[in-house]
Amino acid sequence: MNKLDEIKEILYKELEGKCFGYKKKNGYDHLFGTSAICALLAYQRHLDLDIASIIGLFHDYSTYVTGNSFKHALRSSELVKKILIESDFFNEEEISIIVTAISNHSQKGIIQDEYSELIKDADVLHQYFQQTNAVFSEDYNRRLKLLKK
């Protein structure tokens with residue numbers, strides 16, 4: 001099994017043990033859907049597919065395992081850093097890339113590093129695909145417009 005599959009197993013176990021009902025369903029849908037979009041965007045942008053997929057898998061992690069979305073980007077990055085270190089699959093640079101992107105993903109109006117931009121775009125796209133009639137913020141709409149080009 002490769003490191004992406006191993007990390008997915010960790011996420012499966014966490015969601016199964018700490019998340020129930022609609023929240024679990026929504027967690028699987030959003031985290032795995034966003035991860036797939038991250039992989040596609042990484043392919044197009046010549047970025048590491050595993051790193052991108054893992055960022056997508058864990059970007060909203062704390063929301064689902066704690067049931068609280070307050071400061072979820074920062075809280076998710078802190079929880080994920082611990083998981084990545086304990087997994088012993090990643091070097092310091094990879095952990096830094098993943099943790100930074102997850103920490104930054106809520107700042108949709110700010111342009112940052114390439115992996116932070118990737119997760120922001122994937123998150124916006126997944127939410128748009130799930131709710132095409134929703135009213136989104138100006139920052140979301142700006143990203144959607146750029147992604148359509």
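1. The side chain of Ser87 has a polar atom 2.8 Å from the backbone oxygen of Leu84. That pair counts as a polar contact (N or O atoms within 3.5 Å; within protein, one must be able to donate a hydrogen and the other to accept it, and residues adjacent in sequence count only if both atoms are side-chain atoms).

2. A word on the basis of these notes: this is a predicted model, where local features need pLDDT of at least 70, side-chain atom pairs count only at pLDDT 80 or more, and totals for chains, interfaces and linings use all residues. Numbering runs from 1 along each chain as its sequence is written, and side-chain values use heavy atoms, with hydrogens and water left out.

3. Ser87 belongs to helix α5, residues 72-87 (helices are DSSP runs of H or I, at least four residues, numbered from the N terminus). With a relative accessible area of 14%, Ser87 is buried (buried means under 20%, exposed over 50%, partly exposed in between, with a 1.4 Å probe and protein chains only). Beyond neighbours within four places in sequence, Ser87 is in contact with Ile7 and Ile10 (heavy atoms within 4.5 Å).

4. Do look at Ile54 too, in helix α3, residues 49-58. Ile54 is buried, at 0% relative accessible area. Neighbours within four places aside, its contacts are Leu4, Ile7, Leu84, Phe90 and Ile98.

5. Now for the loops. Asp88, in the loop between α5 and α6 (92-104), has a positive phi near 60° without being a glycine, and is exposed at 66%.

Definitions and conventions: Helix = DSSP H or I, 4+ residues; strand = E, 2+ residues; numbered from the N terminus.
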